[in-house]
Amino acid sequence: MLVSLFSACKDHDMDDMKHDSPLMKIMMDMMTQMDAQAKTQDPDHDFAAQMVLHHDAAIKMSEEELRAGSNQEMKTIAQDVITKQRAEITQFNTFLSGHQPMQPLVPQFNQIQKTNMDRMMAASNARAMTMRTDLDYAQMMVDHHQAAIDNSEALLQHGRNATMRQLAQAIITDQRQEIATLQNWISRNR
C-alpha cells in the first residue's frame, strides 16, 4: 500500500513538473493552435500553414534554451534552429501569400498530420522532465524534429507543389542531421 501511494505521488509530481516546464507549455500551446487552425485539405497549403506554427514553437523552445540553458553546445544548436527556422517560416509565408488551395482536395493528409503531431506529444509526454533545461530541450527537440520529418514525408507523398516538395525534402535532410547531433549530445550528457 505504501509503495503504491509513493508511486502515485511520484507520478503526480512528474506530471506537475511537465506542466511547470516552459518547454512543455510551448509544445502544448503549439498543439492548441494547430488543432484550431482551419484546414483547406490542400496538402501544400496545410503543410505550409502548420509548419509555420511548428517552426514558431521550435524557435520559442530554442529561445528558452538560450535564456535558461547552461551548456554552450546546446545553446549553439538552439541558435542554429532559430536562424534556420525563421528563414523557413519566411519561405512558408511567401508561399502561402500567393497560393490558392488546389483541387482535388486530399483530406487524408490532414489526418496524417494530426496523427504525426499526436505521436510527437505522446513521445514528449512519456519523457521524464528533468528540469535541466539543456537536457529537456534536447530530448523534446528530438520529438519535435521527428514530427517535422514525418509531416514532410507525408507532404512528399501527397503534395503537388515543387517549392513545398523541395522545402519538405530540405527539412527531412536537415532535421535528421540535427536529431543525430541532439541524440549524440544526450548520450554524453545524461
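**Exercise 1. Helix directions**

Work out how α4 and α7 run relative to each other in this predicted model.

*Solution.* 
- Locate the two elements. Helix α4 spans residues 72-98, and helix α7 spans residues 162-189.
- Take the packing angle. It is about 165° between α4 and α7, and their axes lie 12 Å apart.
- Apply the cut-off. Angles over 145 degrees count as roughly antiparallel.
- Conclude. α4 and α7 are therefore roughly antiparallel to each other.
- The α4 and α7 crossing is left-handed.

**Exercise 2. The α4 and α7 contact**

Which residues make the contact, and how do they divide by class?

*Solution.* 
- List the α4 side. Its contributors include Ile-77, Asp-80, Val-81, Lys-84 and Phe-92.
- List the α7 side. Among its residues are Leu-167, Ile-171, Glu-178, Leu-182 and Trp-185.
- Sort by class. The contact of α4 with α7 has 10 nonpolar, 4 polar and 7 charged residues.

**Exercise 3. Glu-178**

Decide whether Glu-178 is buried or exposed, and find what Glu-178 touches.

*Solution.* 
- Glu-178 sits in helix α7.
- Compare the area with the cut-off. Glu-178 has a relative accessible area of 9%, and buried means under 20%. Glu-178 is therefore buried.
- Find the neighbours. Leaving out residues up to four places away in sequence, Glu-178 touches Asp-80, Val-81, Lys-84 and His-145.
- Link to Exercise 2. Asp-80, Val-81 and Lys-84 belong to the α4 side of the contact with α7.

**Exercise 4. The annotated region**

What is the helix content over residues 109-185?

*Solution.* 
- Check the record. The unreviewed UniProt entry annotates a DUF305 domain over residues 12-96 and 109-185.
- Read the content. Residues 109-185 are 88% helix and 0% strand.
- Note the span. The end C-alpha atoms of residues 109-185 are 34 Å apart.

Conventions: Residues numbered from 1 in each chain as written. Predicted model: local features only at pLDDT ≥ 70, side-chain atom pairs only at ≥ 80, totals over all residues. Heavy atoms only, no water. UniProt positions renumbered as here; feature names shortened; annotations may be inferred. Helix = DSSP H or I, 4+ residues; strand = E, 2+ residues; numbered from the N terminus. Buried < 20%, exposed > 50% of the residue type's maximum accessible area, 1.4 Å probe, protein only. Contact = heavy atoms within 4.5 Å. Axes fitted to C-alpha atoms, helices over the stretch in contact; angles between N-to-C directions. Parallel < 35°, antiparallel > 145°, perpendicular 65-115°, else oblique. Left-handed = near helix turned anticlockwise from the far one by under 90°. Nonpolar A, V, L, I, M, F, W, Y, C, P; charged D, E, K, R; others polar.
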